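Please open the structure in a viewer and keep the selection tool at hand.

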Amino acid sequence: MALFASLVAAPAQAQSANTTFFVTSAGPGKGADLGGIEGADKQCATLASAAGATAKTWHAYLSTQAADGKPAVNARDRIGKGPWQNSKGVVIAKDVADLHSASNNLNKQTALSEKGEVINGRGDTPNRHDALTGSQADGTAFAAGEDRTCKNWTSSTQGAAMMGHIDRIGLRDDDASKSWNSSHPSRGPDGGCSQADLKSTGGDGLLYCFAAN
């Protein structure tokens, strides 16, 4: 029976090993306080490893803003060259330019979790379609000043984080609502960066993860 079980499990494991893109099935749980960008990368790596997608360097699609003498980091510069495919083998983008163009293949059906599951979107209960990015539509960081990264992913109280819509659907029929990476900033009664704040606008602290090698 044990041998049969291992044989049944093998195809899923092998399939996951080819994954180079996924949406996290869960965030760290502290809102937009991810432990900095390094903590976000660790979250990607931990979930990928649990799903069998090992032997890769995983980076979260996040930008940071210039602060404390440190330069900004652009999300588009962190994720390797592509192409990237989900756990089902579907290519979501050929390269960085394709990913940031209107022709990318990132949507509710393709932006799967590391487990190969569809993420709840607008119209589902609960809606979890907001992904943290801190990025402009072209994948670059926002200028220093107005917070768009919840203090570079260290705040779970005051601040704001730019988010994208995993399902490419929002309240309006405009580019921002359909944007996978730059739809609207977080907000809420706790200051904008708590787990409750992220949930209040249709999120859960989820991240896009890319194999950067």
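Begin by selecting Asp 98, which is buried at 9% relative accessibility (buried means under 20% relative accessible area, exposed over 50%, partly exposed in between, with a 1.4 Å probe and protein chains only). This is a predicted model, in which local features need pLDDT of at least 70, side-chain atom pairs count only at pLDDT 80 or more, and totals for chains, interfaces and linings use all residues. Residues are numbered from 1 along each chain as its sequence is written, and side-chain values use heavy atoms, leaving out hydrogens and water.

Lys 94 is exposed, with a relative accessible area of 54%.

Next, select Arg 78 and Asp 41, whose closest N and O atoms are 2.6 Å apart in another salt bridge. Arg 78 lies in the loop between β2 and β3 (84-85) and Asp 41 in helix α2, so the pair ties together parts 37 residues apart in sequence (helices, H or I of at least four residues, and strands, E of at least two, are DSSP runs numbered from the N terminus). Both Arg 78 and Asp 41 are buried.

Finally, select Leu 62, which touches Arg 78, Leu 34 and Trp 153, among others (contact means heavy atoms within 4.5 Å). Leu 62 is among the residues with the most contacts inside the largest nonpolar core, which has 22 residues (a set of buried Ala, Val, Leu, Ile, Met, Phe, Trp, Tyr and Cys residues joined through side-chain atoms within 4.5 Å). Helix α2 gives the most to this core, with five residues.

How values were computed
Salt bridge = Lys/Arg side-chain N within 4 Å of Asp/Glu carboxyl O. Lists of a residue's contacts leave out its neighbours within four places in sequence.
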